[in-house]
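Hi,

Here is the structure I said I would pass on. Have a look at it first, and then read on for what turned up.

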Amino acid sequence: MIKIAVYGKGGIGKSTTTSNLSAALSDMGLKVMQIGCDPKADSTKNLVSTERIPTVLDQIKSKGKSISLDDIVFPGYGKTFCVEAGGPTPGIGCAGRGIIAAFEELERLHAYEQYEPDVVLYDVLGDVVCGGFAMPIRNGYAEHVFVVTSGEMMSLYAANNIASAVKSFGRRGYARMEGLILNSRNIENEEQIVQRAAVEMETKIVKIMPRSGDVQAAENTRKTVVEALPESDMAKHYRELAKNVLEACG
Amino acid sequence: MKRKKTLEYNCPSYGGWGMVRSGMLVPESCQLFVSPPACGRHGALGAVRQGFKDRLFYLCLEESDIVSGYDQAILETTEELFLRLLHRPKVLLIFVSCLDDLIGTDGEAVVEALSERFPDVKFRMCHMNPLANDSEEPPLVSLWKNVYSLMERKKEQPEKKINVIGSYRPVSQESELFSFLKYAGIEEICHIGNCRNYEEFRDMGNNCMNLVAAASAQKAAEEIWKKNGMEYLNLPVSYHFEKIEENYMLLWKKLAELGMHKKEKETLVEELLKNRKKDAVAAVALAKEKVSGRKIYLDDSAFAAPFAAARFLLESGFLVGAVYVSEWNESDADYQWILENTDTEICNVRVYTMVEDWKTEADTVAIGLEAAYISGSDYVVSLFQDEGMYGFEGVTQLMRRIIDCMTEKADLPALIEQSGFVV
């Protein structure tokens, strides 16, 4: 089982990238579990092609101890399984704790043993701001970390923070920084800027994703590009990304 | 079952061993509590009363620690603590509070850093989390996992000794368990409470088996088995004759699997159990005569399995007025049996209005201090979590304690004082 955490600043296209990555990996014949770790709880919406799935925290609240895996794990495109950790109302409660609680529940219900995924993808919000957000790269949850970034300053700032956290935890062999996924915003000299940042972070760019209208077109149909427009150039890029990610994970 | 919605209530005789006292069973250990000051109050007062105050230390957290985390503060405080202590402890149990469920301290990393800095000390990160009381891993279950993980297996060939784990007190020397195990070739029964130093406790890891005397230690035994293959058997304390016999049969079978079967001793074992059962039956008859129809009230501080204990008393012909419990499993077979077959009340002691309803009967017997306070019984058996009772001798001892308590009216405040509870 390959366990991957995908981090990135909010709004950078992290969930879109992760969902397409899941779909592409599924097309390669792999069983994939995508776990959205964002209180927004929309990481998997393009994989399940339906209304949002209930979050683990919502289900814990409403079902208590009678909760089962069927309440929190939902089949998505191909051989994907989707989970949304969920979280509090903005401004109230602790989102980091939400992630911890969701992970504990998945473990308690033996989710990984039951679904036996080949790849687990944790789609994690923004920066590592507290212990809860660091959970996916601790305690053996994720072994490989990728950061989605553009050439914009704030996005690179978040990427650098994540790289620092991985490095500080890395001493204990938790997770390894495998590289940056450049989600192009078509800003000037973007590739060079991100390349320089990658060197400073002692990592590399694993794939440059071009900006494409296909992404929005697919999202309008509540699907990933890989599913909605499989013949498109963008779908090809996501399939390349899947290949590069697997190679980077060894 | 009566249910009313009120604030949760703890009566003055509420207490027990708690995390501090249970952890203090580890010989030559100290504890560092990492929490806001208020979270440590009860444990600190208890430690003073129970004589542990020289082994308990606090890192009191402030607002800034909550914002920035306190991993580094734990490392620095431990250094300072070891500088100040005359003798460095062999074990330091570090307790974080439920606050840490939000902070997410990397406990493993802290323990690793401390172990590098102080290789002569064993560190364990423990969690004092009352929120987990009704979870799959309540605080005590988690504590036993930490405590018993300190036992180390160093010898390839296990010793002919058995550990009893999960109980607060060693099995009474009078129990037939000793003779029973001797017939099987077991030379010693070990218990954390009998260890004179840390090394003796650590070396319990070389013994051939863990006998799990309380359900709270089952997970600890499982983890040890996964780690080094040390066998275990769940044989919690029971007072039912059939269950006791069944437990001994299971134990004999397990010992056979471990290559310690002494077939030629089987007759002696049968004779031993028969005699001890006979003694227990006689003790029950005597106690019944002495109690002479008075109601018995019991609680879940006295018995790890209060419904099973109540059922045993009821089936033996005693009159059980009520079972006082704070948490229970409604699918418990003994609980169901009591509901369906008897008039015995089952009361939630955390609901104040129910407790008020019951403080009425003086000419009764209470087993457990909460039961004593709530029922107002004159005659009280001060018992906590079955103590050293085991097997048929356990039944005999329980009956003896009931008979003894009838000789004079109890001084409940004095009993609470003696138990070291914090009121």
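Let's start with a strand in chain B. In β1(B), S29(B), Q31(B), F33(B) and S35(B) point one way, while C30(B), L32(B) and V34(B) point the other way, and all of them are buried. Keep in mind that this is a predicted model.

That strand runs over residues 29–35, and seven of its seven residues are buried, so β1(B) is largely enclosed by the rest of the structure. As for its partners, β1(B) pairs with strand β3 of chain B (residues 91–97) in the parallel sense, over six bridges. It also pairs with strand β2 of chain B (residues 56–60), again in the parallel sense, over five bridges.

Leaving out residues up to four places away in sequence, V34(B) touches L59(B), L61(B), Y70(B), I74(B), I94(B), F95(B) and V96(B). V34(B) is also one of the residues with the most contacts inside the largest nonpolar core, along with I94(B) and L298(B). That core has 118 residues, and it draws at least three residues from each of domain 1 (18–148) and domain 2 (159–274) of chain B. There is a second, separate core of 76 residues, which includes V6(A), V73(A), F81(A) and V119(A). As background, nonpolar side chains tend to be buried together in soluble globular proteins.

Stepping back to chain B as a whole, you will find 18 helices and 13 strands in it. Its radius of gyration is 23 Å, close to the 22 Å that the globule rule gives for 423 residues, so chain B is as compact as a globular protein of that length. The C-alpha atoms of chain B fill a box of roughly 65 × 60 × 35 Å along the principal axes. Buried residues make up 44% of its 423 residues. Among the contacts in chain B with a separation of 6 or more, 73% are between residues 24 or more positions apart.

Chain A has an enclosed strand too. Six of the six residues of β2(A), residues 32–37, are buried, so this strand is largely enclosed by the rest of the structure. Both of its faces are covered, with V32(A), Q34(A) and G36(A) buried on one side and M33(A), I35(A) and C37(A) buried on the other. β2(A) pairs in the parallel sense with strand β4 of chain A (residues 80–84) over five bridges, and there G36(A) stands opposite E84(A). With strand β5 of chain A (residues 119–124), β2(A) pairs in the parallel sense over six bridges, and C37(A) has V124(A) as its bridge partner in that strand.

So where do the two chains meet? Twelve residues of chain A are in contact with eleven residues of chain B. On the chain A side, α5 (95–108) and α7 (131–134) each supply at least two residues, and α5(A) gives the most, with four residues.

Last, the confidence scores. The predictor gives the complex an ipTM of 0.71 and a pTM of 0.84. Chain B averages a pLDDT of 91, and 96% of its residues score at least 70.

Cheers

Key
Residues are numbered from 1 along each chain as its sequence is written. Chains are lettered from A and ligands numbered from 1 in the order in which they are written. This is a predicted model: local features need pLDDT of at least 70, side-chain atom pairs count only at pLDDT 80 or more; totals for chains, interfaces and linings use all residues. A residue is buried if 20 or more other C-beta atoms lie within 10 Å of its own, exposed if 12 or fewer, and partly exposed in between; C-beta atoms are placed from the backbone. Two strands pair if DSSP finds at least two bridges between them. pLDDT is the predictor's confidence in each residue, from 0 to 100. A nonpolar core is a set of buried Ala, Val, Leu, Ile, Met, Phe, Trp, Tyr and Cys residues joined through C-beta atoms within 7 Å. Domain bounds come from an automatic or database domain assignment. Two residues are in contact if their C-beta atoms, placed from the backbone, lie within 7 Å. The radius of gyration is taken over C-alpha atoms; the globule rule is 2.2 Å times the number of residues to the power 0.38.
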